[in-house]
Amino acid sequence: MRFAQIVFSPTGGTQKVADAITEVWGNTVDRVDLSNPGEDFSKVAFEEEALVLAAVPSYGGRIPELAARRLGQIHGGRAQCVIVCVYGNRAYEDTLVELQDIVENCGFRVMAAISAVAEHSIMHQYAAGRPDEQDIMELHDFSKKILEKLKHKDAESSGFKIPGNRPYKKAGGAGLVPKADKKCVGCGLCARDCPAQAISREHIRTAETGKCISCMRCVVRCPESARKVNGAMVSAAALAMKKVCSVKKGNEFFL
């Protein structure tokens with residue numbers, strides 16, 4: 001049986017969750033990186049005898065449009081699919097049901113769903129250090145139950161209900177666009193690694209507002225720590241979210 005991950009993880013939190021789940025599978029796990037702008041995702045195809053993990057972050061309660069578009073090009077081939085959404089301790093709202101709809105339209109068969117918490121990619125005080133050791137152990141347990149279900153002849157969804165609404169909530173725009181300060185040395189790493197190709201080498205210190213998805217990869221990857229978002233705006237957003245984000249959320253499993 002082929003095992004694979006399809007992941008969109010600009011800052012690494014979603015990848016940590018995906019790795020925690022698939023490391024229990026005990027086999028070589030192929031990777032499809034949805035953040036790679038150079039990949040032709042229409043050429044990615046799976047067969048029925050495969051188990052695929054599709055993991056995305058929640059941006060304002062929805063799948064990042066860029067990730068949704070790229071994922072939608074993949075050919076599922078009736079492979080079994082575990083869908084995972086990762087959020088920064090606020091709420092994932094319609095992310096999981098949207099992910100279910102996309103992968104099923106691609107031809108996958110959803111057999112399980114997981115919502116998991118990881119450190120917020122902008123307001124790092126929320127869910128700091130997660131997934132932690134307890135989270136990892138819990139994700140391992142989820143994964144073992146998935147493998148157990150896979151042993152049965154029909155491992156498709158047995159009618160479990162995934163939280164969320166259809167139609168989905170309105171998607172928000174990119175509210176925080178990182179810019180480089182005087183520490184920028186023009187190395188071009190941010191332009192090379194930007195999933196949305198929103199940074200050009202000619203104008204390295206800024207990003208195209210219409211393209212930037214506020215994924216924060218350029219902030220995390222900058223070797224000079226030169227790229228930042230507006231501190232006042234981050235503080236205001238953190239204060240507005242303090243009540244809902246301060247209570248520790250748990251991971252959820254639907255089988």
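Ser-58 sits in the loop between S3 and H2. The model is predicted. Ser-58 counts as buried because its relative accessibility is 13%, under the 20% cut-off.

**Ser-58 and its contacts**

- The side chain of Ser-58 makes a polar contact with the side chain of Thr-95, at 2.7 Å.
- A polar atom of the Ser-58 side chain also lies 3.3 Å from the backbone nitrogen of Gly-61.
- Leaving aside residues up to four places away in sequence, Ser-58 touches Val-86, Tyr-87, Ala-91, Tyr-92 and Thr-95.

**The largest nonpolar core**

- This core has 53 residues.
- Those with the most contacts inside it are Ile-6, Phe-46, Ile-74, Ile-83, Val-103 and Phe-108.
- Strands S1 (2–7), S3 (50–57), S4 (80–87) and S5 (109–117) each give two or more residues to it.
- H3 supplies the largest share, 5 residues.

**Ile-74 within that core**

- Ile-74 is among the residues with the most contacts inside the core.
- Beyond four places in sequence, Ile-74 touches Ile-6, Val-32, Leu-34, Phe-41, Val-44, Phe-46, Cys-106 and Phe-108.
- Ile-6, Phe-46 and Phe-108 are on both lists.

**A second core**

- A separate core has 22 residues.
- Val-7, Val-17, Val-82 and Val-84 are included in it.

Notes: Residues are numbered from 1 along each chain as its sequence is written. This is a predicted model: local features need pLDDT of at least 70, side-chain atom pairs count only at pLDDT 80 or more; totals for chains, interfaces and linings use all residues. Side-chain values use heavy atoms; hydrogens and water are left out. A nonpolar core is a set of buried Ala, Val, Leu, Ile, Met, Phe, Trp, Tyr and Cys residues joined through side-chain atoms within 4.5 Å. Buried means under 20% relative accessible area, exposed over 50%, partly exposed in between (1.4 Å probe, protein chains only). Helices (H or I, at least four residues) and strands (E, at least two) are DSSP runs, numbered from the N terminus. Contact means heavy atoms within 4.5 Å. A polar contact is a pair of N or O atoms within 3.5 Å; within protein, one must be able to donate a hydrogen and the other to accept it, and residues adjacent in sequence count only if both atoms are side-chain atoms.
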